Amino acid sequence: MLSLQDVQAAAQRLQGQVLDTPCVESRTLSQIAGCQIYLKFENLQYTASFKERGACNKLTQLTPAERARGVVAMSAGNHAQGVAYHAQRLGLRATIVMPRFTPGVKIERTRGFGAEVVLHGDTLDEARAHARALADTQGLVFVHPYDDEAIMAGQGTIALEMLRAQPDLDVLVIAVGGGGLIGGMATVAKALRPDIEVIGVQTERFAAMFDAIKGTHHPQGASTIAEGIAVGTPGRLTQAVVQERVDDLMLVDEGDIEQAIVMLLEIEKTLVEGAGAAGLAAVLKQPARFAGRKVGLVLCGGNIDPMLLASIIERGMVRAGRLARILVNARDVPGNLARIAALVAEAGANIDEVHHQRAFTLLAAQNVEIELVLQTRGREHVQQVIDCLHNAGFAARAT
């Protein structure tokens, strides 16, 4: 099984090849969560993900004969970019198989590193099977995204850096897909600090490792905003490490992850993808579990599709009441819309959208239902706008 010495040897190989990223406290998130939160900014790596650590460690250990053959990898994006980037640096041919649901930003970045990208399959398992077939038919070296000790050792270097920067952490909360990241980090953490707690986090839609360890049976979803950890089958090597060295596993849902993405963007001014926000999502979901403790989180990736990010931000504003929809019933006469708009402005809100509904309503024929989408300061402000309209004689309600 993977050892601390394996990870320390990987750290020597990675010197000067990947960033020793910052690991610092977020005071604002700590206040919100009721614990001391330390963030490891792996989204600052050149490929915006921790995955290049394992990829670099694996590729630098290939024999001359293996280097001449070239490599093939399967990934939903981050492992793909890590392998492609370091293969390009080392002068190796790289073929990357990606499932069809992979965000376009990850596909284009991978191609930008000179790799041949093959889109195949609707799941990671289908893509993996195709990658292995290419390895067999073309003689390529298969670089597994997680079930490989060299990969785990590279990812484990994150824990070495975190415990060097913050040696008194009480708990590490780590996103789990196939288990390579948590397997490497747990190996380091338990060797250096046997008392530290290591907790893995999966999304409810892809709870394969959670089910394998706990003996539960969650139905697998078709998709998740945390596609980086959307793994249907945990690794054989990684599962053994998780079984022995990880203290517990938690599940978060899509809404938890969306909230964490928006908070990191707004508070820390840092962009993470769904998997990168899973750790914070878990802490926010169960604050009592982490209260008063020093918690280390890995912002493991920042490769998110811009359109998905825009949708998440907008939905987050709706949940916070900063983007609100209200219905106003009014007489359908000239000047009433202007009066309503003036009242909204006096209340300090900004009108984002306006829609008149005359036909599809139960109101009297001479009345109109006006739907307003407003930019506000929050839920209390929304109520202030409604009260202002009520005081002026308009029937209004939030929807």
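1. Basis of the values. The model is predicted, so to speak of local features requires pLDDT of at least 70 and side-chain atom pairs count only at pLDDT 80 or more, while totals for chains, interfaces and linings use all residues. Residues are numbered from 1 along each chain as its sequence is written, and side-chain values use heavy atoms, with hydrogens and water left out.

2. H8 and H9. The axes (lines fitted to C-alpha atoms over the stretch in contact, with angles from 0 to 180 degrees between N-to-C directions) of helix H8, residues 149–165, and helix H9, residues 180–192, come within 7 Å and cross at roughly 45 degrees. Helices here are DSSP runs (H or I, at least four residues) numbered from the N terminus. H8 is therefore oblique to H9, given that angles under 35 degrees count as roughly parallel, over 145 as roughly antiparallel, 65 to 115 as roughly perpendicular and the rest as oblique. Residues in contact (heavy atoms within 4.5 Å) include Met152, Ile158 and Leu163 in H8 and Leu181, Met185 and Val188 in H9. By class, this contact has 11 nonpolar, 5 polar and no charged residues; Ala, Val, Leu, Ile, Met, Phe, Trp, Tyr, Cys and Pro count as nonpolar, Asp, Glu, Lys and Arg as charged, and the others, Gly among them, as polar.

3. H1 and H8. Helix H1, residues 4–14, has an axis that comes within 8 Å of that of H8, and the two cross at roughly 80 degrees, so H1 and H8 are roughly perpendicular to each other. Among the residues making the contact are Leu4, Val7 and Leu14 of H1, together with Glu149, Ala153 and Leu160 of H8. The residues of this contact divide into 7 nonpolar, 4 polar and 2 charged.

4. H12 and H15. Helix H12, residues 254–267, packs against helix H15, residues 306–319, at an angle of about 95 degrees, with their axes 9 Å apart, which makes H12 roughly perpendicular to H15. The contact of H12 with H15 has 6 nonpolar, 3 polar and 3 charged residues.

5. Nonpolar cores. A nonpolar core is a set of buried Ala, Val, Leu, Ile, Met, Phe, Trp, Tyr and Cys residues joined through side-chain atoms within 4.5 Å, buried meaning under 20% relative accessible area (1.4 Å probe, protein chains only). The largest has 73 residues, and those with the most contacts inside it are Ile37, Val173, Met185, Ile261, Val283 and Phe290. Its largest share, 7 residues, comes from H8. A second, separate core of 21 residues includes Ala55, Val83, Val117 and Ile151.

How values were computed: Buried means under 20% relative accessible area, exposed over 50%, partly exposed in between (1.4 Å probe, protein chains only).
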